[in-house]
Amino acid sequence: MLNEKDLIAINSRFSNGNVVNRNSLKYSIDLVKRTNSWIKQLAHLVRAILIDHLFEEGNKRSCAAILSYYLDENSYSYKPEDVNKVIVKILKDNITDINKIERLIENVIK
């Protein structure tokens, strides 16, 4: 499970690690701690990063890195282009529903 420092460190690989929506970051981390489902954890993080724009810059790239991290940690094979498609779909359709985001993530690993 990634914590606040981990997320900032990931964003620092692509940008400056500057958090602009600290409340959403803390809230999503709290939700992640309360669930045992790694897909639900990931869905909360993805939603916070993409929809709430946690960071000043590099949100999409950070999200792709976090998605890949979770999929690798859970030993799933996937195509990186499918990760990118999920990110674009969530942004384009402004998907905020956690269950829908979970299903999109599940589709990456099928």
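I take axes as lines fitted to C-alpha atoms, for helices over the stretch in contact, with angles running from 0 to 180 degrees between N-to-C directions. Helices are DSSP runs (H or I, at least four residues), numbered from the N terminus.

Ground rules: this is a predicted model, with local features needing pLDDT of at least 70 and side-chain atom pairs counting only at pLDDT 80 or more. Residues are numbered from 1 along each chain, and side-chain values use heavy atoms, without hydrogens and water.

Entry, helix pair. I looked up α1 (residues 4-12) against α4 (residues 59-73): the axes come within 9 Å and cross at roughly 120 degrees. Contact (heavy atoms within 4.5 Å) involves L7, I10 and N11 of α1 with N59, S62, A65 and I66 of α4. I sorted those contact residues into four nonpolar, three polar and no charged.

Entry, salt bridges. My criterion is a side-chain nitrogen of Lys or Arg within 4 Å of a carboxyl oxygen of Asp or Glu. I find six in the structure. One of them joins R22 and E4 at 2.6 Å, N to O. R22 sits in helix α2 (residues 22-33) and E4 in α1, so this pair ties together parts 18 residues apart in sequence. E4, R22 and K26 are linked in a salt-bridge network.

I also checked R47 with D52, where the closest N and O atoms are 3.1 Å apart, and K89 with D93, at 2.6 Å.

Entry, exposure. Buried is under 20% relative accessible area, exposed over 50%, partly exposed in between (1.4 Å probe, protein chains only). R22 is partly exposed at 37%, and K89 is partly exposed at 38%.

How values were computed:
Helices (H or I, at least four residues) and strands (E, at least two) are DSSP runs, numbered from the N terminus. Ala, Val, Leu, Ile, Met, Phe, Trp, Tyr, Cys and Pro count as nonpolar, Asp, Glu, Lys and Arg as charged, and the others, Gly among them, as polar.
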